[in-house]
Amino acid sequence: MAKSDKKSGEGAGPHHVAIIMDGNGRWAQARGRPRLFGHHAGAKRVREIVEACPDLGVKYLTIFAFSTENWKRTQLEVAGLMSLFRRYITKEARDLFARGVRVRFIGDRVRLDKKLVKLMDELEVMTEKNDRVHLTIALNYGGRDEVARATKRLAQDVASGLLDPEKVDEETLPRYLDTYVLPDPDLVIRTSGEARISNFLLWQSAYAEYEFIDTLWPDFSRDVFARLVAKFGAKDRRYGGAVDEIVI
Ligand code: IPE
Ligand code: IPE
Ligand code: MG
């Protein structure tokens with residue numbers, strides 16, 4: 001794909017940025033505080049980053065808040081995180097709505113506390129007409145789990161005759177994913193120095209650019225975000241094509 005041939009809606013910058021918000025525990029540890037102190041500090045960073053999106057041309061922001069693997073943590077940490085999510089939604093809902101943010105959640109809700117799921121549903125409905133920034137929060141999300149759940153529903157549609165298996169192609173599965181209404185991420189950022197994706201947006205990130213930075217999530221700022229967005233704009237994404245020929 002030539003540079004001039006970008007998908008509609010895409011400018012030079014990333015249209016959709018996804019962030020693996022990592023390093024809260026180490027940030028707290030460095031201060032001699034419990035891990036939950038780091039999670040609270042991390043949650044506070046989200047507002048500034050969401051607010052920076054319109055100026056940076058980022059229409060979609062997807063953040064990884066809790067993975068399907070994070071249940072392996074201590075009961076104290078898991079319960080603290082779940083209570084933080086409930087409090088975050090309750091406290092931020094009005095503000096998110098007023099600032100034109102449309103909020104969605106991806107991940108499996110079945111294992112989540114009913115009260116939390118109710119708050120998530122309500123926030124999605126409350127903000128469904130907003131269009132300034134599309135914030136997606138991945139909560140009890142795992143890329144493999146998402147593909148497995150999607151495949152199950154796809155198979156059910158085949159079994160009930162709604163879907164012809166001969167017609168299944170690479171456009172079919174994404175329609176069953178939690179992200180079916182979202183464009184694919186252009187840029188995936190992971191904070192805290194780990195260079196792995198930890199089961200995040202496996203299908204959707206096939207052509208994303210990755211940025212692994214040392215900053216711990218509670219120190220992630222608007223300036224760091226702006227620098228990564230600008231760096232993305234300078235890249236030539238070829239989607240499997242060749243480098244653009246120089247026309248003389
Ligand atoms: C990321 O920070 C937040 C969640 C996974 C919920 P961590 O809690 O993983 O922080 P580190 O990696 O231990 O520093
Ligand atoms: C990834 O971070 C999940 C979230 C940021 C929510 P983890 O800290 O759980 O990932 P690993 O264990 O380092 O792979
Ligand atoms: Mg971590």
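Predicted model: local features only at pLDDT ≥ 70, side-chain atom pairs only at ≥ 80, totals over all residues.
Local features were taken at pLDDT of at least 70 and side-chain atom pairs only at pLDDT 80 or more, while totals for chains, interfaces and linings use all residues. Residues are numbered from 1 along each chain as its sequence is written, chains are lettered from A and ligands numbered from 1 in the order in which they are written, and side-chain values use heavy atoms, with hydrogens and water left out.

Ligand 1 has 13 residues around it. A residue counts as near a molecule if one of its heavy atoms lies within 4 Å of it. Asp 22, Gly 25, Arg 26, Arg 35 and Arg 73 come nearest to ligand 1. Helix 1 (24-29), helix 2 (35-56) and helix 3 (75-98) each supply at least two residues of this shell. Helix 1 gives the most, with 3 residues. Helices (H or I, at least four residues) and strands (E, at least two) are DSSP runs, numbered from the N terminus.

Polar contacts (pairs of N or O atoms within 3.5 Å; within protein, one must be able to donate a hydrogen and the other to accept it, and residues adjacent in sequence count only if both atoms are side-chain atoms) were then listed. The side chain of Arg 35 places an N or O atom 2.8 Å from an oxygen atom of ligand 1. Backbone atoms also take part: a backbone N or O atom of Asn 24 lies 3.2 Å from a ligand 1 oxygen, and a polar backbone atom of Gly 23 is 3.4 Å from one. On its own, ligand 1 has 380 Å² of accessible area, and the protein covers 86% of this. Accessible areas come from the Shrake-Rupley method with a 1.4 Å probe; for residues, only the protein chains shown count as cover.

Ligand 2 is surrounded by residues including Ile 20, Met 21, Phe 64, Ala 65, Phe 66 and Ser 198. Strand 2 (residues 60-67) gives the most to this shell, with 3 residues.

Helix 5 (residues 143-159) has 17 residues. Its first and last C-alpha atoms are 24 Å apart, close to the 24 Å expected at 1.5 Å a residue. The expected span is 1.5 Å times one less than the number of residues. Gly 143, Glu 146, Ala 150 and Leu 154 are its buried residues. Buried means under 20% relative accessible area, exposed over 50%, and partly exposed in between (1.4 Å probe, protein chains only). Strand 4 (133-141) is among what covers the buried residues. Gly 161, with a positive phi near 85°, follows helix 5.

Asn 140 is in strand 4. Its phi is positive, about 55°, although it is not a glycine. Asn 140 is buried, at 3% relative accessible area. Leu 201, also not a glycine, has a positive phi of about 40°. Leu 201 lies in the loop between strand 5 and strand 6, and is buried at 2% relative accessibility.

Gln 204 lies in the loop between strand 5 (187-190) and strand 6 (209-212). Gln 204 counts as buried, at 4% relative accessibility. Beyond its neighbours within four places in sequence, its contacts (heavy atoms within 4.5 Å) include Tyr 141, Glu 146 and Asp 184.
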